[in-house]
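Biologist: Please put the model on the screen and walk me through it. I'll ask as we go.

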Amino acid sequence: MNNMKTRKAKLDIKSGRVNLTHGAGGRAMNDLIEVIFKDAFDNDFLAQGNDQSAFDVGDGRMVMSTDGYVITPLFFPGGDIGSLAVHGTVNDVALSGAKPLYLSAGFIIEEGFPLADLKRIVDSMGAASRAAGVPIITGDTKVVNKGMADGVFITTAGVGVVPKGLELSGDKARVGDKIIVSGTLGDHGVAVMSKRENLSFEVEIESDSAALHTLIADMVAGHGAALRCMRDPTRGGLAATLNELAEQSNVGMCIREADVPLKPQVVAACELLGLDPLNVANEGKLIAIVAPEAADDLVALMRAHPLGRDAAVIGDVVADERNFVRMKTAFGGERMVDWLSGEQLPRIC
Amino acid sequence: MCLAIPARIKERLGDDMAKVDLDGVLKDISIALTPDVVEGDYVIVHVGYALSVIDPQEAQKTLALFDEMQAAGALAAVTP
Amino acid sequence: MKYVDEFRNGQLGAKIAASIRAEADPKRHYSFMEFCGGHTHAISRYGIADMLPDNVHMIHGPGCPVCVLPVGRIDQAIELAARENVTLCTYGDLMRVPASKRRSLLQAKADGSDIRMVYSTLDALKIAEQEPERRVVFFAIGFETTTPPTALAIKVAAKKKLKNFSVFCNHVLTPAAIQNILESPDVRELGTVQLDGFVGPAHVSTVIGTQPYEYFAEEFHSPVVVAGFEPLDMIQAILMLVRQVNAGTNVVENEFSRAVKRHGNEHAKRDVADVFELRKTFEWRGLGEVPYSALRIKDSYAQFDAERLFSMAYVPTPDNPACDCGAILRGVKKPTDCKLFGTACTPDTPMGSCMVSSEGSCAAHWTYGRFRDEDKADKNKARA
């Protein structure tokens, strides 16, 4: 590694704060990167110390995705903005059927942000990246004036390779296809909300934030040909994702409330706040539209994976030129599952 | 109107407050409007306040009413 | 969830629906109004309309406090929040309601006003205590269910001698609204609206009891069944109303007996009477001026009355002339009868009160039920 006489970088992690010099490109910024980022993301690419990293591309088509993470609060039960950023982008790449290979990470940090929190986030990001086997091979740091960022914003990009012949897409759902979800819905949104001020409820729900690429790899290996498309129901929840897919594919959908997996505490928290779990965000779940003959096998395969234990078939793709998503309620009647304008707010009525 | 949900009184706290449990979701609410509740009672919670106590016998009667066969049976059992 | 799940049992629901189909006289039509917005929401959310026979239908009443709050009152709240040092606390329901000039509380918050969404008056009180330099105003809305929490907040503020807490009071009363509907020409004289009975509100009744409805049952020969919120409660209440109509009776029945007693919650009623008094009249969006239908803070608690403290003046603001909310709230028209429904007026761009809250009949129909309109249109096309 370093064979020159290097000045040992010093940062007061315990009580220090980020200031504008940390983003100015000089020694202070170098110190920041050395102490906080380098070890956490440690890999051969970053060790080279360049502004970019070169890598070989194998056979197949390349996939690339990018995302910005601006979540508040930064730390929540089951995760933080760092691990969320890794999981989110790994998933976006993997949902195309691709094997995620590398990530980039850009940080925009607010002046005055505690170094201890920054270290916590970066360490968490590093751990998530290692656990997923997808290294962060290039990055950037900027510091902005106080008030210009909510603590820290993270932008990531991810690249991967999708095997030849696998072309999943949101416009490929066909009448008769089955709709599968990989597990319980609403966990992330409820976990985050429980940390928001003025809602103050205690619940043992953790965010489901997770990297789904190994689950997806199993699904592709088992029944790649039967997969039409996969998407993760993040903002807007299941409702938004199903409506998006219905429009893209110009079909309708019918799901069954009784088959949608939900944790009892999530149901209870949503009842308390007047929210519909179908509109609540998830960060470690996927929806798959699949050919009907493979549906049951796929569910069995998914249930064998730790992130798919509660996988279930929840409905069917039907013909509908109005692209409505309908649901048979557990009580017996029928209703629409519409997407919401804007974020759901807790209500009293 | 009124989004309100039945929750179990887990613990009386001081100051007219109590901790309620709704299937694992815990919340501190005011019991100023139902001051005589005890642990184990179920209350209807609306905007952070318990509005009324659920009467378990009436709840049973209502459920029986829904299932009139059952209700008829229960009536037969009660009538001498 | 106990006392919730058992009351959502689909098999029992199917049995009760079968009884309704068997007992409803095919030679007549039954029209019942569910007063409470929460019931409107429940009917849509569970698809209860699907389970009723064609000759039994529900009219959605004005029991949605967000829907009936006049635009002018929201304008006042926005104006108040812009004043120096004011922190406006509000329930989430009001954040996105459009006020005049395309503003809203959410927009005002983005523009820099200190507007905070709270779950409870307890949270607003906490803010007032923790931030003594802020003038905290709680934007109070709601029927009799939500009024006692506001009364208690004022009483606690008085006990703690808080100098920086006040309430902008917009509480309204259920019996007055029911009376307004029953006395309207459409119902009473013209008979344009056939109203065979009411499903009485669930949680309002836990506070006021079933006793206030006895007047309506008698005076207007209208059966009232107070029903709980769960779908079994609703469908059972409809069965009970059908039976009353068939028997020609008009009494108040209490289906929600597990939570409602005839005299309601005496503590709550006492606290409300201590803090509030009747306004001579109050404007309801869609219904116009309704006498003795709303509350204001008594002189003895004047220091907690935002309207007095901040010299707030009310400017009535008319709704879009093409908006049919008034007729819809009174049950004279259906959402699909309104020219604006689904075109200019959607939950994203609500023109009037029935669309602003998820409980309003237009919003509920749009969000949960509009696929049925198109289904009917298709059926008609097929028949033609």
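Biologist: Where is Tyr292(C) found?
Modeller: Tyr292(C) is in the loop of chain C between strand E12 (288-291) and strand E13 (295-297). Helices (H or I, at least four residues) and strands (E, at least two) are DSSP runs, numbered from the N terminus. This is a predicted model, where local features need pLDDT of at least 70 and side-chain atom pairs count only at pLDDT 80 or more, while totals for chains, interfaces and linings use all residues. Residues are numbered from 1 along each chain as its sequence is written, with chains lettered from A and ligands numbered from 1 in the order in which they are written.

Biologist: What phi does Tyr292(C) have?
Modeller: A positive one, about 45°, although Tyr292(C) is not a glycine. Tyr292(C) is partly exposed, with 14 other C-beta atoms within 10 Å. The cut-offs use C-beta atoms placed from the backbone: buried is 20 or more others within 10 Å, exposed is 12 or fewer, and partly exposed is in between.

Biologist: Now chain A. What is phi of Asn323(A)?
Modeller: Near 60°, so a positive value in a residue other than glycine, and Asn323(A) is partly exposed because 16 other C-beta atoms lie within 10 Å. Look for Asn323(A) in the loop between strand E12 (312-318) and strand E13 (325-328) of chain A.

Biologist: Which residues does the cis peptide bond join?
Modeller: Thr72(A) and Pro73(A), with omega about -5°. Pro73(A) sits in the loop from strand E1 (61-69) to strand E2 (75-76) of chain A.

Biologist: Which residues cover the faces of strand E11 of chain A?
Modeller: E11(A) spans residues 287-290, with Ile287(A) and Ile289(A) on one side and Ala288(A) and Val290(A) on the other, all of them buried. In a regular strand the side chains alternate between the two faces of the sheet.

Biologist: And how many bridges join strand E7 to E11(A)?
Modeller: Four, between E7 (residues 178-181) of chain A and E11(A), and the two run antiparallel. Two strands pair if DSSP finds at least two bridges between them. Ile179(A) stands opposite Ile289(A) in E11(A). Strand E9 (residues 227-231) of chain A is also joined to E11(A) by four bridges, running antiparallel, and Arg231(A) has Ile287(A) as its bridge partner there.

Biologist: Back to chain C. What order do the strands of the open sheet have?
Modeller: E2-E1-E7-E8-E9 (chain C), five strands with parallel pairing. Strand E2 (56-63) and strand E9 (252-254) of chain C are at the edges with a single partner strand each, so one side of each has no neighbour in the sheet. From one strand to the next the twist averages 25°.

Biologist: How many bridges pair E1 with E2(C)?
Modeller: Six, in the parallel sense, with E1 of chain C covering residues 30-36. Ser31(C), for one, has His57(C) as its bridge partner in E2(C).

Biologist: What does helix H7 of chain C lie across?
Modeller: H7 (residues 174-183) lies across E1, E2 and strand E7 (197-200) of chain C, at about 125° to E2(C). Axes are lines fitted to C-alpha atoms, for helices over the stretch in contact, and angles run from 0 to 180 degrees between N-to-C directions.

Biologist: What does the domain assignment of chain C give?
Modeller: Domain 1 (1-334) and domain 2 (335-383); such bounds come from an automatic or database domain assignment. Taken over C-alpha atoms, the centres of domain 1 and domain 2 of chain C are 22 Å apart. Their contact takes 26 residues from domain 1 of chain C and 22 residues from domain 2 of chain C, where contact is C-beta atoms, placed from the backbone, within 7 Å. On the domain 1 side, H2 and helix H14 (325-329) of chain C give two or more residues, and the largest share, six residues, comes from H2(C).

Biologist: Last one: how many residues does the contact take from chain C and chain B?
Modeller: 39 residues from chain C and 29 residues from chain B. Several helices of chain C supply at least two residues each, including helix H1 (10-23) and helix H11 (231-247). H9(C) gives the largest share of the chain C side, four residues.

Key. Contact = placed C-beta atoms within 7 Å.
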